[in-house]
Amino acid sequence: VSRTITFLSDYGYSDEFAGVCRAVMARIAPGSRIIDITHGVGRHAVRQGAILLANSLPHAEPGVHLAVVDPGVGSERRPVALRAGEDRILVGPDNGVLAPAAAALGGAREAVDLSTSPFRQEPFTATFHGRDLFAPVSARLAAGAALREAGEPLDPSALTVLELPRPRIYPDRVVAHVLYRDGFGNLTLDLEQADLASTFLRPGRQVLVEAGRNRVEVPFARTFTDVGEGRGLLYEDSVRSLALAINRDSAADVLQLEPDDEVTLSPAS
Amino acid sequence: VSRTITFLSDYGYSDEFAGVCRAVMARIAPGSRIIDITHGVGRHAVRQGAILLANSLPHAEPGVHLAVVDPGVGSERRPVALRAGEDRILVGPDNGVLAPAAAALGGAREAVDLSTSPFRQEPFTATFHGRDLFAPVSARLAAGAALREAGEPLDPSALTVLELPRPRIYPDRVVAHVLYRDGFGNLTLDLEQADLASTFLRPGRQVLVEAGRNRVEVPFARTFTDVGEGRGLLYEDSVRSLALAINRDSAADVLQLEPDDEVTLSPAS
Amino acid sequence: VSRTITFLSDYGYSDEFAGVCRAVMARIAPGSRIIDITHGVGRHAVRQGAILLANSLPHAEPGVHLAVVDPGVGSERRPVALRAGEDRILVGPDNGVLAPAAAALGGAREAVDLSTSPFRQEPFTATFHGRDLFAPVSARLAAGAALREAGEPLDPSALTVLELPRPRIYPDRVVAHVLYRDGFGNLTLDLEQADLASTFLRPGRQVLVEAGRNRVEVPFARTFTDVGEGRGLLYEDSVRSLALAINRDSAADVLQLEPDDEVTLSPAS
C-alpha cells in the first residue's frame with residue numbers, strides 16, 4: 001500500500017541532487033512510484049515552484065507531494081509536512097512553496113514541523129535538506145508512517161502564505177501582472193477565469209496590451225495557431241488563467257517581460 | 001498485463017509539462033512502466049522528434065509509444081493513434097512525427113483519429129493536448145483498451161508523411177544533407193548504410209567535405225578516437241547512417257552546419 | 001530478485017541517448033528499478049562523473065551502478081564491470097570514472113573486461129557503447145547473472161586510478177584546488193573533513209581566500225544564509241568536503257574559478 005511520490009525542485013539537471021533524493025526515497029520506500037514533475041524550477045524561484053506544484057497536483061494520484069525550492073536551507077525557516085484535501089500529504093520548506101497547492105485542496109488540516117524529525121538521516125548536513133530530511137520523510141510517509149510521527153504538531157494557520165500580485169480591474173481597463181513565464185516564453189497573468197467575467201475580456205475581442213514601452217494589439221484567441229506566426233495572442237491557458245503568447249516565438253523575450261511586471265489590457269479601439 | 005509506455009516530447013525540462021503527463025499516465029495506468037526517451041527535442045522540431053523516435057523504438061520493448069512535438073496544437077491537425085508492426089501502438093499528432101517510426105515497422109496497419117476520443121480528459125484545453133488527450137489515450141491503451149475504442153477509424157494511407165531531404169549520388173561525388181544534429185554537434189547525414197554501397201564512400205577512404213565555404217579533408221573512420229583531438233571524421237553512426245563529427249568538438253559549430261544544409265563529399269585527391 | 005540500477009552519464013538531455021539506454025535496460029531487466037542520478041555531467045568530464053558517482057552511492061540501495069562518461073568510446077580503453085563492498089556492482093569505461101566510488105567501497109574485489117562480453121547487443125556499434133554494451137550488461141547483472149559471466153577476468157589492481165589534485169598544507173596557509181563546480185556555481189575544494197583537523201580552518205574563523213587576482217575574506221560558516229546575499233562563505237558541504245560559495249550567487253562566476261584552479265586559504269588578520 002505504498003503511495004506515489006511526486007517530486008519537484010529547483011535542483012536542476014547538471015548535478016546529482018535530484019537523483020540522490022530519488023535514490024534515498026527508492027531505498028526507504030521500495031514499493032512507491034516516484035514521479036518527477038520537474039527539477040527545472042528557476043533557482044530559488046519559490047513562486048514559480050509553488051505555481052507548478054499547484055498546477056500539477058490535480059492531475060496526479062493523491063499521495064505524497066515533495067517540493068524543494070529552498071533558498072533558506074539551514075536557516076530558521078521551518079521544514080514542514082502537511083495533510084490537505086484528498087488525503088494528500090505535502091512536504092517541503094515552509095516558505096510558501098506549498099501554499100497555493102494546499103489552498104486549492106481546501107487548506108492544511110494537519111501540519112508538523114520537521115526540524116527534529118525522527119525520520120531525518122544522519123549525518124544531517126546544513127545544506128542538503130532534500131537528501132537528509134525531505135526525501136526520507138516523504139518516503140516514510142509514502143510507506144505508511146502517520147504524519148504525526150514525522151515531526152512536532154504545528155498549527156496549520158501558522159504556515160507561511162505566499163504573496164502574489166493582484167490585478168486591478170477598472171471599467172475601461174485591467175492592470176494585470178506577469179505571474180509566471182514558461183519555458184517557451186508564454187506569460188501567465190494573474191487573471192483567472194473567474195476574474196474575467198466582470199471585464200471586457202471575452203474570447204474573440206481585440207485587446208490592446210501595454211507593457212512598459214511596448215504596445216501591441218492582439219486577439220483573445222483559443223490557441224496559438226489562431227494567429228499567424230510571430231503574432232501575439234491572449235488565451236485561456238491550460239490552468240484556466242489568462243496568458244499572453246506569440247505564436248512560435250517567446251512573448252517574454254519580444255515584450256521584455258518578467259514575473260511581477262505590469263501589463264495593462266484595454267479594448268482595442 | 002499493462003504495457004510499457006515510452007514518452008518523447010519537446011516540452012523541455014524547465015516546466016511541469018512532461019511531469020504532468022507522466023502523472024496522468026501513472027494515475028490511469030498504475031501498472032505501466034513509463035520510460036522517458038527525451039523531452040529535449042527542439043521546440044516544434046517535428047523532424048528531429050521523428051528521427052529520435054524511429055531511432056529509439058527498436059531498442060524498447062513493444063508497447064505504447066507517445067511522441068508529442070506539436071506546433072499545431074489546437075488547430076485542425078489530427079491527433080492520432082496507430083498500430084504498426086510488433087503490435088506497437090504509436091500516439092501523437094498527425095504531423096509526421098510518427099511517420100518514420102511507423103514506416104520502419106512496416107507502416108500503420110490500423111489508425112484512429114483521436115479528435116473526439118472518449119478517453120480525453122475534461123476540462124479539455126486547446127493548448128495542452130499532451131495532458132488532456134495524448135497522455136490519457138496512451139495510458140488507456142497501455143492498460144488494455146483496444147485501439148478502435150480510442151477514436152474514429154482512419155485510413156492508414158491518409159496519415160501524414162514526413163518530407164525528408166534526399167541525397168544525390170553521382171559517380172565522382174555525393175551531395176548529401178544534414179538530417180539531424182545531436183547535442184554534441186555531431187551531424188547525421190541523409191545517407192544510410194544501403195546508400196553507400198554504390199558510392200566511393202568506404203571505411204578507410206579519405207574524403208573531401210565541402211559545406212558552404214568550408215572545405216575539410218577527413219577519413220571515413222570507425223570511431224572518434226581514430227583521429228586526433230580537433231580533427232574531423234566521417235563514420236557510420238549508431239543507427240547506421242553516415243555522420244560527420246569532430247573528435248572532442250562540435251562539427252555543427254565548427255563547420256556552421258544546420259539541418260537541411262548541403263554537404264558535398266568527393267574522394268580526396 | 002532483480003536489483004536496482006542507478007544510471008549516471010554525460011549524455012545530456014537533448015538527445016535520446018540516455019532514454020534508449022533506459023529502454024534497453026527495462027526490456028532486459030523488467031523487474032529492475034532504474035534510478036537516474038544525472039545525465040548532466042559535463043561532456044567527457046570524467047572526474048566530475050567520478051565524483052558525482054562516489055557522492056551518490058552511499059545513498060542508493062546496493063545494486064548495479066552504471067556510469068558512462070566515455071571520451072574514448074570505441075578506442076582501446078577497456079569497458080569493465082567490478083564488484084566492490086556491499087556487493088555493489090559498478091559498470092562503465094575503465095578511465096577512472098568508477099575509481100573513487102570503488103575506493104570508497106573498499107576497492108574492487110573482482111573485475112571483468114567487457115570487451116567481448118556475451119551480453120553485448122548486436123549490431124554492436126563503435127560509438128554507442130552505452131546502448132550496445134553497458135546497458136545490456138548492467139541489466140543482465142541486475143537480473144541475476146554472475147559477474148564472471150559478463151566478461152573476461154581482470155586483475156582488480158590493473159584498473160585505472162583517477163588522478164586528483166592534492167592540497168598542500170602549511171602552518172600559515174593551505175593551498176587547495178577546485179575539485180568540482182556544481183550547477184549553482186558552488187566550488188568543492190580538495191579538502192576533506194579529515195584534512196582540516198591539522199589546519200587553522202575551523203567553523204567560525206574568518207579566512208582570506210586568494211584565487212588568481214581575487215582576494216576575498218569570508219567566514220567558515222555553517223550554511224548559505226549565515227552570510228548576507230552576495231557574500232561569500234566557506235562551509236562543509238553535503239559530502240563533508242570544504243566548499244566555497246556565495247549566498248544566492250555563483251562563486252565560480254564571481255571568482256572566475258574552474259576545476260583544478262588553485263585557491264590559497266590563510267587566516268584573515
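# Close-up views of a predicted three-chain model

**Figure 1**

**Figure 2. Chains B and C as rotated copies.** Two copies of a chain are, in general, related by a rotation about an axis together with a shift along it. For chain C and chain B the superposition takes a rotation of 120° and a shift of 0.0 Å along the axis, with an RMSD of 0.0 Å, and the two copies are therefore related as by a three-fold rotation axis. In chain C it is Tyr13(C) whose C-alpha comes nearest the axis, at 4.9 Å. Only 6% of the interface residues of chain C are interface residues in chain B as well, so these copies meet through different surfaces.

**Figure 3. Strand S4 of chain A between its two partners.** In a regular strand, the side chains alternate between the two faces of the sheet. Strand S4 (residues 79-83) of chain A pairs with strand S5 (residues 89-93) of chain A in the antiparallel sense, over five bridges. Among the residues that face each other here, Ala81(A) stands opposite Val91(A) in S5(A), while Arg83(A) has Ile89(A) as its bridge partner in S5(A). S4(A) and S5(A) form a hairpin with five residues between them, and Glu86(A) in the turn has a positive phi of about 60°. S4(A) is also joined by four bridges to strand S6 (residues 110-113) of chain A, and these two strands run antiparallel; in S6(A), Ala111(A) is the bridge partner of Leu82(A). Because four of the five residues of S4(A) are buried, this strand is largely enclosed by the rest of the structure.

**Figure 4. Aromatic rings that meet edge-to-face in chain C.** A pair of aromatic rings is described by the distance of the centres and the angle of the planes. Over all chains, the count comes to 18 aromatic pairs. In one of them, the ring centres of Tyr11(C) and Phe128(C) are 5.8 Å apart and the planes stand at 85°, so the pair is edge-to-face. This pair links distant parts of the chain, 117 residues apart: Tyr11(C) lies in the loop between strand S1 (5-9) and helix H1 (17-28) of chain C, and Phe128(C) lies in the loop between strand S6 (110-113) and helix H4 (129-142) of chain C. Tyr11(C) is buried, with a relative accessible area of 10%, and Phe128(C) is buried too, with a relative accessible area of 4%.

**Figure 5. A ring cluster and two arginines over rings.** Ring pairs join Tyr11(A), Phe17(A), Phe128(A) and Phe184(C) into a cluster. In chain A, Arg120(A) lies over the face of Phe124(A), at 3.8 Å from the ring centre. In chain C, Arg120(C) lies over the face of Phe124(C), likewise at 3.8 Å from the ring centre.

**Figure 6. The surroundings of Leu179(A).** Leu179(A) is part of strand S9 (residues 174-181) of chain A, and at 15% relative accessibility this residue counts as buried. Leaving aside its neighbours within four places in sequence, Leu179(A) has contacts that include Arg47(A), Ile51(A), Leu164(A) and Pro259(A). The C-alpha atoms of Leu179(A) and Cys21(A), which are 158 residues apart along the chain, are separated by 29 Å.

How values were computed:
Residues are numbered from 1 along each chain as its sequence is written. Chains are lettered from A and ligands numbered from 1 in the order in which they are written. This is a predicted model: local features need pLDDT of at least 70, side-chain atom pairs count only at pLDDT 80 or more; totals for chains, interfaces and linings use all residues. Side-chain values use heavy atoms; hydrogens and water are left out. Copies are superposed by least squares on the C-alpha atoms of residues with pLDDT of at least 70 in both. Contact means heavy atoms within 4.5 Å. Two strands pair if DSSP finds at least two bridges between them. Rings of Phe, Tyr and Trp (its six-membered ring) pair if their centres lie within 6.5 Å; planes under 30 degrees apart count as stacked, over 60 as edge-to-face and the rest as tilted. Buried means under 20% relative accessible area, exposed over 50%, partly exposed in between (1.4 Å probe, protein chains only). A charge sits over a ring if NZ of Lys or CZ of Arg is within 6 Å of the ring centre and within 35 degrees of the ring normal.
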